[in-house]
Amino acid sequence: MNYFCISFTHKNTDIALREKLSMSDELRKKELLRTINSSSNILESLVISTCNRVEVFCFVKNLEQASEHIIACLALFCNISKDLLSQKADVFENSGAIHHLFAVASSLDSLVVGETQISGQLKTAFSFALKNEFCALNLSRAIHYAFKCAAKVRNQTQISKNPISVASVAVAKAKELVDLSQKKAVVIGAGEMGELACKHLIAAGAKVLILNRDVKKAKDLSEKLGVLSEYDSLENLQKYLNSYELFFSATNASSAIITNSLLENVDFTRYFFDIAVPRDIDLDENDKIKVFAVDDLEEVVRKNLALREHEAGIAYSIIGAMTSEFFKHLNDLALMPIIKAIRLEAKECADKQLAIALKKGYLKKSDEYEARKLIHQVFKAFLHEPTIKLKTLQGKVESDTIINAMRYVFDLKNDLEALNEYKCEMNMENDDENE
């Protein structure tokens, strides 16, 4: 059995393709996972979809078949050619897949290294897959360790101190262009990313106007933010588009909501920051209209990477160690029941033979205690070296082959009950918002 991941991120895929792959709609996500899991080769799966990534994590029998099947499912659902998806995808297998998962959870693979929002997104993706029975024991184990790894990275490095999000990077870019302390910015969308944008804008000295389809949600956010914010219905978007200079859009709309037809000619420059995937803004740029999408913010991101390079090195060392520890943990789960089962078999055999000896008169009843003690000491001594040898297999690739051989030789159950006692602690940390 194998851990497997197919990944489309800001590193290998442009925003146009990521928009087509986006799985923000839960019904669509559920149908995709159902189709992926329809293959007998795919035992468990989950999909994480953010503005910077769409990734499918799986537990599978055959790696090559899994890759072909998942690519075919994505091609079908997103109307993208299989050849293009195969060309763009990053594929991770077994230890590579776990290492990548831990890097994602620890925000080392994010567009903005160190942002903490991705951990919450991963939890949401896992909770959704678990609730709908698309994943179970094996992915639960991996996700559990991913959260554990992320917590260790946060606690032992400065990587997430003064955390930076895509929203904060957009605001930082805006600060390079205009003096925010003299401006009122229009924030479209009252979700998590919109709230983040508002907070960073207010911290930079700007006032905000929140537009949202659900006016009550916009009102609630405005009241939460305080006197530097106002709110209105998204129905009045066009009026504001032609009155203000700064726009930050972060809705869950399936297609663009700000288009050329809504704009009038004005005598000032307007700056649009599109932090949504799929994109909210589809405008023709000119000297009076400037549009910045997620991928356009990479210059600020590169500065962030340079500042955190040293801490990232420490974090990757932790991720590498935790990846090895995870596979050792899996082997421990398999090895310890095997060792206990063999010892139990030996004890039962000794007790059975002792009972026969007593029944047939080979031993006196008065000698039973000493005889039992001696026999148990003999089988413990005999099993000592095999036990040591088995323990040395922990963390080694060949362990599964030898464990299966031991199960066969000693006629043990293949599905040991102890392996089903695992429970993933999903809520180890309280993380924020979206990536």
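Which residues line the largest cavity? In this predicted model, the lining is made up of Y3, F4, F57, C58, A97, I98, L101, L139 and A142. Strands β1 (2-9) and β3 (53-60) and helices α5 (95-105) and α7 are the elements that each give two or more residues to this lining. The most comes from α5, with three residues.

The structure holds two cavities of 30 Å³ or more. The second largest cavity is lined by A105, S106, S107, G114, E115, T116, I118, R154 and S160. The table sets out the volume and the lining of each cavity.

| Cavity | Volume | Lining by class |
|---|---|---|
| Largest cavity | about 40 Å³ | nine nonpolar, no polar and no charged residues |
| Second largest cavity | about 30 Å³ | two nonpolar, five polar and two charged residues |

**Nonpolar cores**

Y3, which belongs to the lining of the largest cavity, also has a place in the largest nonpolar core. This core has 66 residues, and Y3, L21, I70 and F102 are the ones that touch the most other members. Helix α7 (residues 137-156) supplies the largest share of the core, nine residues. Another core lies apart from it and has 37 residues, including A174, V208, F248 and F292.

**Aromatic rings**

Together with F59, Y145, F326 and F327, they form one aromatic cluster.

How is a pair of rings described? The distance of the centres and the angle of the planes are used. The count of aromatic pairs comes to nine. One of them joins F247 and F272, with 4.8 Å from centre to centre and 10° between the planes. Planes under 30 degrees apart count as stacked, so this pair is called stacked. F247 is in strand β8 (residues 246-249) and F272 is in strand β10 (residues 270-274). The two are 25 residues apart, and the pair links distant parts of the chain. Are F247 and F272 buried or exposed? Both F247 and F272 are buried.

**Charges over rings**

Rings also lie beside charged groups. The charged end of K29 sits over the ring of F128, at 5.2 Å from the centre of that ring. K123 lies over the face of F147, and here the distance to the ring centre is 5.3 Å.

Methods. Residues numbered from 1 in each chain as written. Predicted model: local features only at pLDDT ≥ 70, side-chain atom pairs only at ≥ 80, totals over all residues. Heavy atoms only, no water. Phe/Tyr/Trp six-rings, centres within 6.5 Å; stacked < 30°, edge-to-face > 60°. Helix = DSSP H or I, 4+ residues; strand = E, 2+ residues; numbered from the N terminus. Buried < 20%, exposed > 50% of the residue type's maximum accessible area, 1.4 Å probe, protein only. Lys NZ or Arg CZ within 6 Å of the ring centre and 35° of its normal. Core = buried A, V, L, I, M, F, W, Y, C linked by side-chain atoms within 4.5 Å. 1 Å grid on protein atoms, 1.4 Å probe; cavity = no way out; pocket = protein on both sides within 12 Å on 5 of 7 lines; lining within 4 Å. Points joined across faces, edges and corners; volume = space filled by probe spheres on them. Nonpolar A, V, L, I, M, F, W, Y, C, P; charged D, E, K, R; others polar.
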